[in-house]
Amino acid sequence: MERFIGIDLGTTNSVVAFLEGQKPVVIPNTEGNRTTPSVVLYPGGDEVVVGELAKRQLVINPFSTISSIKRFIGRRPAEVAETAKQVQYHLVEDMENERLMIDLGWKKVSPEEVSAEILKKLRDYACSYLDTDITQAVITIPAYFNDSQRSATKAAAEMAGLEVIRIVNEPTAAALAYGQNKDKSEIVAVFDFGGGTFDISILELDNNIFEVRATNGDTYLGGDNIDNCILEFIREEIKKGIKKDIMEDVKAVQRVREASEKIKCELSTLKSTTISLPFIISDEEGPKHFTREFTRDEFNKLAMPLFERLIPPCRAVLTDAGMTPSSVDTVLLVGGSTRIPKVREIVTEFFGREPRKDINPDEVVAMGAAIQAGVATGYIREVLLLDVTPLSLGIEIADDVFSVLVPRNSNIPTAAVKKFTTVVDNQKNVFVHVLQGERKQASQNRSLAHFRLTGITTSPKDIPEIEVRFSIDANGILNVSATDLTSGARKEVKIESYHPVKTEEVEQEVKEAEGKLDEDRIYMDSVRKGEKAKNIMDGVKKFIAENELDIDPADITAMQEVIESLEEAFEVGDVASMEEWARALYGTAEKYQEKFFKYNVKPWK
Ligand code: ADP
Ligand code: MG
């Protein structure tokens, strides 16, 4: 039988599962653990160490041990300048290809290569566990991953010798694992608080049909931040006692970071624990130890500012889905950080109900991925998956206006077609500018790609029919094409790399757009007024050009003077003047009214 696996390729930990009959089963690694740290060590030569062993080397080999690579996969150097400061290894820019690379000192590796090492390892575990060669996998990614991040993840899998059956969003996978064989309909909130990120998604389950209604979160909020918070606390405490800063010693920092994580995890079950760091730092008198009791209450207080950041994305996702907390029937907790009691409390309070206790937050995503692999290969038939687009997608049209083709939160896969035309006579090409965002004014949105469609049939403006087609496949990859329906000229782009969409950015953008509805309305109003003025001007100009001998020369002079003023108004973009001069122009030419009709000149109202 052909085997396939499901992989949760996490920022911090990764998990692999397979399908036994219709049931997903997690495959343990060679150390017997069901999750494997997403850490890769390059000790030199061809050797590569992945997982627990690599994680332990973070202290001794901070520059050749790569963690949190998921933050960098498919990203451009400029996009991750801030994030790069948070890791100890060296990220460099490969100038030639505008790519991000990790400089190990003796060689450079790409984020895809690093991710491929993790995937290869997971594949190896599965191959030896199942005693067969495995070449197919479903891989999960965060819902907000953009096309470039998705493509890069796919590329990493291929490097690892895996054919990607499907890329699936993590919340969808979690809901799938929970909702398999549940034939009732319900609204599910997937609350995923992992090592590096927080994602919240609302899904609708209906008779084995899964639909992501909305998704939100914070890409810079995770267990790592909590560890850092404890680390800072310990650092300050050490400073108080020993008057030395551990930050001066890379290895001391790593040790404190590891201790911080351990303490945090202990406090998920214990009310109090001991921070114990023997020989953490030396001063003139020799090595010093640090020991201190640390209680859950202290911890909660310390991390509260981080916990508080969990709430706004929850509110936003419900607003987007058009729901209230009480609309949610089931809350699923995903990610290691949801084991923190305070986090559970916050979730329970927000949604007004206890989250499910019967799912394993570390494993549910990989299990869902295995199920999805079964669905995609036909082993499981009943389940259908639907995901959504986080922001609206469309193109720029004349006057800096954004024309939406795929509204935000549309289900994917999806396709949309709209017809456009030219703005000047004999226009031979059009510039297709693909954008993403929520503002009416094109330049206020994010530019994804642009291309020029050439070879448009020569004709007056407004005549050519240019069909623009957007299609987003099941993996969330966007294709945009433009076709001149007369000449058949066609051009297409697959958007390989674009500015990332962080979930907090999505929220911010939507909020901003909402706050700017008035501004947008005023803008659109001025666009319409400008268009009208331009139509009058173009019409009158054409009229003069074609009827010069039939018009009173004095009128021509008068009209041309007004046209000059109108053109000036266009140049400076003064809408009130445009309106005024267009009205005046119509006035000077009014007596030729009947003839105007042919030139599409209508009075200003
Ligand atoms: P990711 O999806 O980012 O790979 P995970 O879901 O594996 O991450 O979560 C990893 C995070 O969960 C780490 O920050 C880890 O410290 C934290 N974590 C794991 N177990 C616990 C626990 N018992 N209590 C608190 N945090 C935990
Ligand atoms: Mg995860």
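1. Thr 36 sits in strand S4, residues 36-37; strands (E, at least two residues) and helices (H or I, at least four) are DSSP runs numbered from the N terminus. This is a predicted model, in which local features need pLDDT of at least 70, side-chain atom pairs count only at pLDDT 80 or more, and totals for chains, interfaces and linings use all residues. Residues are numbered from 1 along each chain as its sequence is written, chains are lettered from A and ligands numbered from 1 in the order written, and side-chain values use heavy atoms, without hydrogens and water.

2. Thr 36 has a relative accessible area of 4% and is therefore buried (under 20%; exposed is over 50%, partly exposed in between; 1.4 Å probe, protein chains only). Residues that Thr 36 touches, leaving aside those up to four places away in sequence, include Thr 12, Asn 13 and Asn 29 (heavy atoms within 4.5 Å).

3. Asn 13 also has a polar side-chain atom 2.8 Å from an oxygen atom of ligand 1. For Lys 264 the corresponding side-chain distance to a ligand 1 oxygen atom is 2.7 Å. Taken alone, ligand 1 exposes 580 Å², of which the protein buries 86% (Shrake-Rupley method, 1.4 Å probe; for residues, only the protein chains shown count as cover).

4. The shell around ligand 1 takes at least three residues from each of domain 1 (4-221 + 309-388) and domain 2 (223-306); domain bounds come from an automatic or database assignment. Helix H7 (residues 250-266) gives the largest share, three residues.

5. The C-alpha centres of domain 2 and domain 3 are 52 Å apart.

Methods: A polar contact is a pair of N or O atoms within 3.5 Å; within protein, one must be able to donate a hydrogen and the other to accept it, and residues adjacent in sequence count only if both atoms are side-chain atoms.
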